[in-house]
Amino acid sequence: MIATLITLTVLFIAATLIPIVRKSHWVIRVFDFPRVQLCTLGASLLIWQIFILSDKPNIFYVLPVLTLCAIIWHLLWILPYTRCWPTEVKAASKHSELDEITILNTNVLMTNHNAKALIELIKTHKPDIIVTLESDRWWEDALKGITKRYPYRVNCPLDNLYGMHVFSALPISDERIEFLVEQYVPSIHASFTLKNGVKLQAHFLHPAPPSPSENTYSSERDAELIVVAKKIAKSKQPILVSGDLNDVAWSYTTRLFRKISGLLDPRIGRGMFNTFHTKYWFARWPLDHMFHSEHFTLHKITRLACIGSDHFPLLTTLVYEPKSQDSHVDADKEDKETADHLTQKESVTTHDVPKPSTQ
């Protein structure tokens, strides 16, 4: 029994320490994800250790001490995404509907053809902007019925799981489709005119994940996030960044993105809003994100019902209140050096792709 406890403790400590290694191989980066699950397993292990070791020599108590330290380390990463933490984005005060903007971000899963479920959500919630990820030509055709309400569109249908569409009830300008790091992984960038006349700069991303079936390393994903962060870092415009980043909210890379960009995360102090995976309640993570500049407060953020995809849709309503926010996570010298290293390591270019279109 003691040998089993020692083995489990060593494995738990190893799973805790591996993400500290700043290597981009997927085998290492995958341990950024299950911090909640590891906390739960660690708590169970700690209880077992205390029960089994209660009458053993004091030397064995190093096991629960190490386990407790590891649990605390995981909690330091995930607690900001619980109600135990102060909110980073203020709740909206009384405001005009003209100052609101509602964004629906949904990874539809290209092989999922339940467009009816998504259309029903759109009819119910009436978002101003809809962003679909993994949407191909089939999805583009299936959503033609919403174009009367959403006359402004940016279409990039692809059959490689990285297609992307933006549908907007708000006027769009300066729209462009860019391939910042990988040739067939697009991002959409555009300006939107809010109902109050203010111009908003928006960036919609879906970088490829580090995995054995996609990219062996996370460097491409990380570089795309930091390229966008650097572009918007000195902007004085209202900004939002949304999409499936294939990274958890508490990872080092996502935190670095927030530091470099200066954007805020409305989930901090409110919850994780885990959007992936719809079928496995015990293995869910916040992969779909909404970040915004200090020009906005939060009216609501909601994870919506499943539409047949492996991701839940994320609905966010922001309110334009430019003088109400004054805090974000600042980047220090080490952060900036890391960001420079990530973007220099990758060849950051813009590529063409067959048949992207704007309407």
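Below is a short chat about the fold, backbone and aromatic rings of a predicted model.

User: Hi! What should I keep in mind about this model?
Analyst: It is a predicted model, where local features need pLDDT of at least 70, side-chain atom pairs count only at pLDDT 80 or more, and totals for chains, interfaces and linings use all residues. Residues are numbered from 1 along each chain as its sequence is written, and side-chain values use heavy atoms, with hydrogens and water left out.

User: Great. How many helices and strands does the protein chain have?
Analyst: There are nine helices and 12 strands, taken as DSSP runs numbered from the N terminus (helices are H or I, at least four residues; strands are E, at least two). With a radius of gyration of 22 Å, close to the 21 Å that the globule rule gives for 359 residues, the protein chain is as compact as a globular protein of that length. That radius is taken over C-alpha atoms, and the rule is 2.2 Å times the number of residues to the power 0.38.

User: And what share of the residues is buried?
Analyst: Buried residues are 57% of the 359. Buried means under 20% relative accessible area, exposed over 50%, and partly exposed in between (1.4 Å probe, protein chains only).

User: Switching to the backbone: which peptide bond is cis?
Analyst: The bond from Phe 276 to His 277 is cis, with omega near 15°. His 277 sits in the loop between helix H8 (252–261) and strand S9 (288–292). Most residues other than glycine have a negative phi, and most peptide bonds are trans.

User: What about phi at Leu 109 and Leu 161?
Analyst: Leu 109 has a positive phi near 65°, and its place is the loop between strand S1 (100–107) and helix H5 (115–125). For Leu 161, phi is also positive, about 75°; this residue lies in the loop between strand S3 (152–156) and strand S4 (164–168). Leu 161 is partly exposed, at 32% relative accessible area.

User: Now the rings. How many aromatic pairs are there?
Analyst: The count is nine. Rings of Phe, Tyr and Trp (its six-membered ring) pair if their centres lie within 6.5 Å; planes under 30 degrees apart are stacked, over 60 edge-to-face, and the rest tilted. One of the pairs is Phe 192 with Phe 204, edge-to-face at 6.1 Å centre to centre and 80° between the planes. Phe 192 is in strand S6 (residues 187–193) and Phe 204 in strand S7 (residues 199–205), 12 residues apart.

User: Are those two buried or exposed?
Analyst: Both Phe 192 and Phe 204 are buried. Tyr 280 and Phe 282 form a tilted pair, 6.0 Å centre to centre with 50° between the planes. Tyr 280 is partly exposed at 41% relative accessibility, and Phe 282 is partly exposed at 49%.
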